[in-house]
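Dear colleague,

Please find the structure below. My notes on it follow.

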Amino acid sequence: VTLSGYFFNTGTARANFSGTITDCTYVSSATLTCVTPTGPAGTQFVQVSVDDPSFNNIITWANSSANFTYYETPNVTYLVPPLGPTSGGSEVVVSGEGFLWIEIAAVIITFDGVAATSIVPFYDSGELKFTATTPSSVSSGIANIKLNGQQFGTSDVTFTTYTAPTISTFEPQFGPLVGGTHLTVSGSPIANL
């Protein structure tokens, strides 16, 4: 994570995630980076220290209003529809477990490792879902999600692709207003999906 603030120095920087301490890397007087330690689910208070612990073995934590939210690993469980053309552009509803809407800009949904071109969150009967648009030149593969832009969740749900069919002819080309006419459609390729 990137920690932003003021008056950071090149001393021994640490971050305290509600009692669990981890080392930080100095980037600038306003920026530190660190790898989060393991933590319990929920929002944790974050503090920073740039003290040198060799000096009287005292660490002073700076005042902070920053929080970090730990969440359970998300899991993609269902896609509607579960298939679409290789040309992309399909709007797919992605359902799963452990979905959170913390920061939509950080959410990434991939199809066979390629990011969706757009993602829109919505609630269905109180359950958070996402509508994701498949990228161009998409291949069959696992659909997965990152809620924080970094770590993938778990998924064994496959999105299947096919070459979009082209209709060349259909017969007959006329019928009664009441419907019921059976048509024979010819084209290429027409896959049995």
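How many helices and strands does the secondary structure of the chain come to? There are 0 helices and 18 strands, where helices (H or I, at least four residues) and strands (E, at least two) are DSSP runs numbered from the N terminus.

This is a predicted model, in which local features need pLDDT of at least 70 and side-chain atom pairs count only at pLDDT 80 or more, while totals for chains, interfaces and linings use all residues. Residues are numbered from 1 along each chain as its sequence is written, and side-chain values use heavy atoms, with hydrogens and water left out.

Overall form: the C-alpha atoms fill a box of roughly 95 × 30 × 25 Å along the principal axes. Of the 193 residues, 31% count as buried (under 20% relative accessible area; exposed is over 50%, partly exposed in between; 1.4 Å probe, protein chains only).

Pockets: the largest pocket holds about 710 Å³ of space. A pocket is an open set of points on a 1 Å grid over the protein atoms alone, where a 1.4 Å probe fits, with protein on both sides within 12 Å along at least five of seven lines; lining residues have an atom within 4 Å of a point. Volumes are the space filled by probe spheres set on the points, which are joined across faces, edges and corners. Of its 25 lining residues, Phe68, Thr69, Tyr71, Asn148 and Gln151 lie nearest the centre of the largest pocket. Strand β6 (residues 67-70) gives the largest share of this lining, 3 residues.

The second largest pocket has a volume of about 290 Å³. It is lined by 16 residues, with Gly5, Phe8, Val48, Ala62 and Asn63 closest to its centre. Here the largest share, 3 residues, comes from β5.

Backbone: cis peptide bonds join Val80 and Pro81, with omega about -5°, and Glu171 and Pro172, with omega about -10°. Pro81 sits in the loop between β7 (75-80) and β8 (83-85), and Pro172 in the loop between β17 (166-171) and β18 (184-188).

Ser18, in the loop between β2 (14-17) and β3 (20-28), has a positive phi near 50° and is partly exposed at 42% relative accessible area. Ser137, in the loop between β13 (127-133) and β14 (141-146), has a positive phi near 55° and counts as exposed at 63%.

Regards
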